[in-house]
Amino acid sequence: MIFKLFLSFIQVGLFSVGGGYAAIPLIQQQIVEVHKLMTMAEFTDLITIAEMTPGPISINSATFVGTRLAGAFGAVICTLGVILPSFCICLALAYFYYKYRNFSGVQTILSALRPAVVALIASAGISILMLGLFGTDNSNFAFSDIRVIEALLFVGGLFLLRKYKVNAIAIIFGSGVIGTILYAIF
Amino acid sequence: MEQNVTNQSVQPTDPQHKHVLWQLFKATFFLSAFTFGGGFVIVSLMKKKFVEELGWLTEDEMLDITAIAQSSPGPIPINASVILGYRMKGIIGSLIAVLGTSLPPMVIISVISVFYQQFRENAVIAMALQVMRAGVAAVIFDVVINLAKNVCKTKRYLYIGLMTIAFVLTCFFKVSAVLIILSCVAIGVIDLIVHLKKKGETA
């Protein structure tokens, strides 16, 4: 059983291209539909937890399902399954990247790619900012709905980062603590 | 020019190389433990840690790693850790970095799966997680401002244009990241061919 699960999670790892949300339908198919290890309601709960906690959603689900079936051992096996394809593929890519990156032709191609990566990170930042300030990341929001405390935390955090180079984790953690206290007061 | 900068960083002969593995583990562990909200968040934090703080990687390298991590199957933080670890210490480095990245979510989920009901209904936790997003957004914006500045400094309209178009397409039209990356590789290839042709004509 645990071996079957290991194979399932290898498939999840192998076919989820493009980050967390691409993995959700794959996990659902493998765990809920094929192996019937969870009900749909439990799976929805799992997604909720995964969104609330740090870490990639596929690692979170692998740990959750694995723990249920075989305790800590199960969690480790399932997580290994998710990681294994990434590990092999990225190791190979890393090898080729560091072997050929200094060729001027490769540099020219990579130079065209880098600005796009900056844009992708910027878009991710906008989505999270929208979620933080308006509680939604799609375009139908009203500026009047802005959450003042979050907006202040964002501006304050950005100021501290740019002006005083404060540690990033301190900013994330600090905004959680200060924000919760402010909401408790007001 | 950038290549020279890269080669200064830690080499296998470095007397402190055990220290490097430990630092690698520590850094990936903490980044993973505090990173809410998807692959690009952790990439921003990695850029801050490994490029700005530790000086182990160049900014260009970090962007390349991000592109490879995004286009490969599997979770982005894991993919980025594999490449980053390989860069620092070969396969052992990869193993250590992946261990550092996967341990925090594993421990947290194992604990939470036991206390799930209490966790979900706890208003303080829910509140903290909501307001924390403002801090996460601030960190990403800080990183993006630095990155975008450097793209503008290249003074090549091609790069500045690509950045702007890619931003509009992903942010407003929700075009997939993989498609953007593949298109830019294609544009890079064309740019290379044009470049080589020009060179051939002048020679």
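In this predicted model, B:D191 and B:R156 form a salt bridge, their closest N and O atoms lying 3.4 Å apart; a salt bridge denotes a side-chain nitrogen of Lys or Arg within 4 Å of a carboxyl oxygen of Asp or Glu. B:D191 belongs to helix 9 (residues 177-202) of chain B, whereas B:R156 sits in the loop between helix 7 (123-153) and helix 8 (157-172) of chain B, so the pair ties together parts that are 35 residues apart in sequence. Helices (H or I, at least four residues) and strands (E, at least two) are DSSP runs, numbered from the N terminus. B:D191 counts as buried at 12% relative accessibility, while B:R156 is partly exposed at 33%. Buried here means under 20% relative accessible area, exposed means over 50%, and partly exposed lies in between (1.4 Å probe, protein chains only).

The model is predicted, and local features require pLDDT of at least 70, side-chain atom pairs count only at pLDDT 80 or more, and totals for chains, interfaces and linings use all residues; side-chain values use heavy atoms, with hydrogens and water left out. Residues are numbered from 1 along each chain as its sequence is written, and chains are lettered from A and ligands numbered from 1 in the order in which they are written.

Over all chains, the whole structure contains ten salt bridges. One of them joins the side chains of A:R114 and B:D60, at 3.3 Å from N to O. This pair crosses between chains, running from helix 5 (residues 104-134) of chain A, which holds A:R114, to helix 4 (residues 59-71) of chain B, which holds B:D60. A:R114 is buried, with 6% relative accessibility, and B:D60 is likewise buried, at 16%. Another salt bridge, between the side chains of B:E61 and B:R87, has an N to O distance of 2.5 Å. B:E61 is in helix 4 of chain B and B:R87 in helix 5 (residues 76-114) of chain B, so this contact ties together parts that are 26 residues apart in sequence. Relative accessibility is 0% for B:E61, which counts as buried; B:R87 is also buried, with a relative accessible area of 14%.

Salt bridges also link A:R162, B:K47, B:K48, B:E52, B:E59 and B:D142 in a network. A:R162 is located in helix 6 (residues 148-164) of chain A and is partly exposed, with a relative accessible area of 26%. Between A:R162 and A:F134 there are 28 residues of sequence separation and 24 Å in space, C-alpha to C-alpha.

Chain A comprises seven helices and zero strands, and its pattern along the sequence is α-α-α-α-α-α-α. Its radius of gyration is 21 Å, well over the 16 Å that the globule rule gives for 186 residues, so chain A is more spread out than a compact globule. The radius is taken over C-alpha atoms, and the globule rule is 2.2 Å times the number of residues to the power 0.38. The C-alpha trace of chain A spans about 50 × 50 × 30 Å along its principal axes. Of the 186 residues in chain A, 51% are buried. The domain assignment divides chain A into domain 1 (1-100) and domain 2 (104-185), with bounds that come from an automatic or database domain assignment. The centres of domain 1 and domain 2 of chain A, taken over C-alpha atoms, are separated by 27 Å.

An unreviewed UniProt entry lists "transmembrane region" at residues 72-96, 116-135, 141-161 and 168-185 of chain A. UniProt positions follow the numbering used here, feature names are shortened, and annotations may be inferred rather than shown by experiment. Residues 72-96 of chain A are 100% helix and 0% strand, with end C-alpha atoms 36 Å apart. The span 168-185 of chain A is 100% helix and 0% strand, and its end C-alpha atoms are 26 Å apart. For chain B, the UniProt record (unreviewed entry) places the feature at residues 20-43, 91-116, 122-145 and 157-190. Residues 91-116 of chain B are 96% helix and 0% strand, the end C-alpha atoms being 36 Å apart. Residues 122-145 of chain B are 96% helix and 0% strand, with 36 Å between the end C-alpha atoms.

A nonpolar surface patch of about 650 Å² is made by A:F173, A:V177, A:I178, A:I181, A:I185 and A:F186. Patches are made of residues with over 30% relative accessible area and no salt bridge, with like charges joined within 9 Å and nonpolar side chains (Val, Leu, Ile, Met, Phe, Trp, Tyr) within 5 Å; accessible areas come from the Shrake-Rupley method with a 1.4 Å probe, and for residues only the protein chains shown count as cover. A:F186 lies in the segment after helix 7 (168-185) of chain A and is exposed, with a relative accessible area of 72%.
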